[in-house]
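Visitor: I'd like a close look at one part of this structure, and then a walk through the rest. Could you take me there?

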Amino acid sequence: MENELRVRFAPSPTGYLHIGGARTALFNYLFARHNSGKLILRIEDTDRERSTEASVDAIINGLTWLGLRWDEGPFYQSQRTELYQQHVEQLLSEEKAYRCYCTQEELESKRTMALAEKRKPIYDRTCRERKEQPAGMPYVIRFKSPLYGTTVVKDMVKGNIVFNNEELEDFVILRSDGSPTYNFVVVVDDVDMHITHVIRGDDHLNNTPKQIFLYNAFNYPIPRFAHIPLIHGTDKARLSKRHGATSVESYREEGYLPEALVNYLVRLGWSFGDKEVFSMQEMIDNFSFDTISKSAAVFNPEKLLWLNGTYIREKSAEELLQLLEPFLKARNIPVTLSSPDHSNLVKLIDETKIRSRSLIELLDMMDYYFKENIEYDQNAANKLFTTDRIHHLETVLYGLSSLDRFSKDSIEPIIKGYAADSGLKLGDIAQPLRLAITGRTVSPGLFEIMEILGRERVLKRIEQAVRFIKNRS
RNA sequence: GGUCCUAUCGUCUAGAGGCCCAGGACGUUGCCCUCUCAAGGCAAAAACGAGAGUUCAAAUCUCUCUAGGACCA
């Protein structure tokens, strides 16, 4: 499989899987699947201070929840230090890198001097031709960058970008504590893992020429690059915690469906004509870097919520009930798929799902079903539970209690008939009834929910409402 | 500060010289439907950052400026 296409997602486990990382992973995934290639997961945990086991779990769980399957890995950079060491030695022995003994103070003063003389504040290569190697002195290892010429980054998103090599310094590849630097390990790993296409955020664009130097130094082929624009918050700054929820996990907890989040993320920077709603297969079939936008996109929670609503509506009530289970459990509501009232709950979900944009909303809107004693919305009670309604409620109550079959079709004529007979608009009686039965002014169709709740609970709640009004006046 | 990237409705975007007095989607507003709220249907407001040039013709090509962003320090 010499010509196999191989891409990688390489997060640092220093926090949860965030929205931006998820989209980078998604683009990698789609590109790999579209081209029958492989996706490799690599955990860049060289920063031991900030990397945590919990973050690794969060990233893996997040990717799994989104349905982004990888083919190889996870590989951990922390377990590959020997490999990096070997590559440092190689460059050193080939004289493509050198030890630099300049101290922090020296570098700092040279920098300020250069700045004062309006020269570029890059390392002046003092140690590059140094012959003697002072013993016992701390040193870093620097790469010998080309002194002139240009380096071209061929990017599938941004096109050809030309860098002047004079602008780039002899960068450090191994710190004085013996740890390799980011640009170095990335190249070693990408080479070792035979990565053919590097797809990452465009915040790495400026690192790329340095990485190309390293590919050349190792005589390895340079992969194709795709630097995708970042995701911004409303203030156009890179998306961060202060813009609100930015972790994949938090969207899961707020009742978003993974297919909605994936669909939203893919349209942030990628488009396929006027199409807005995509299944995973449609994304895979149509994905290409030809239609990736070059500019950063602002994250818009409203549109995500709308998409989530469309996906919720497409789900069957049975599927939604299953998705609801962890949320029910979290609220200590003892409902399982085998509950005796399972079929009523499914009916209620069917009536409610069209009104919900998240699983949490869906659950909130059905709370009157799970409670024995409902509380009335204050404002609505003041407005709707007036003494003149007592008579209406009592009459309807009488009518309903005389029904043989308590179904939507039998309930409807009772209430509509009463409204017509007493010269009321249907709303005049429906709204107080809705409040009596659900505690709120917004719900699915009144007759439908009456049937679902059943005779006993409906009659009891109307009686309670009557008592409530009488007690208050 | 240096380097690099970017620039179409509030937001995501279509647009690769004439099909564009700029299309779709979210959001917003109005109307219809209606027991409430949604959903659905219909309609409206809303954009080519600025200035030069190239061209018979520019949102689309070139340059300058401006603004935003990223990276390095």
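Visitor: In which loop does histidine 194 lie?

Guide: Histidine 194 lies in the loop between α5 (182–192) and β9 (197–201). Before we go on, this is a predicted model, where local features need pLDDT of at least 70, side-chain atom pairs count only at pLDDT 80 or more, and totals for chains, interfaces and linings use all residues. Residues are numbered from 1 along each chain as its sequence is written, while chains are lettered from A and ligands numbered from 1 in the order in which they are written.

Histidine 194 has a positive phi of about 55°, although it is not a glycine. With 16 C-beta neighbours inside 10 Å, histidine 194 counts as partly exposed. Here, buried stands for 20 or more other C-beta atoms within 10 Å of a residue's own, exposed for 12 or fewer, and partly exposed for anything in between, with C-beta atoms placed from the backbone.

Serine 36 also has a positive phi of about 55° without being a glycine. You'll find serine 36 in the loop between α1 and β2 (38–43), and it is exposed, with 8 other C-beta atoms within 10 Å. Another backbone detail is the cis peptide bond from glycine 73 to proline 74, with omega near 5°; proline 74 sits in strand β3 (residues 72–76).

Now for the inside. A nonpolar core is a set of buried Ala, Val, Leu, Ile, Met, Phe, Trp, Tyr and Cys residues joined through C-beta atoms within 7 Å. The largest one has 82 residues, and Ala22, Leu26, Leu261, Leu265, Leu362 and Met450 touch the most other members. Helix α1 (residues 19–34) gives the most to this core, with nine residues. Apart from it lies another core, of 16 residues, including Phe184 and Phe213.

Last stop: RNA strand B. By class, the surface near RNA strand B has 18 nonpolar, 14 polar and 16 charged residues. Ala, Val, Leu, Ile, Met, Phe, Trp, Tyr, Cys and Pro count as nonpolar, Asp, Glu, Lys and Arg as charged, and the others, Gly among them, as polar.

Note on methods: Helix = DSSP H or I, 4+ residues; strand = E, 2+ residues; numbered from the N terminus.
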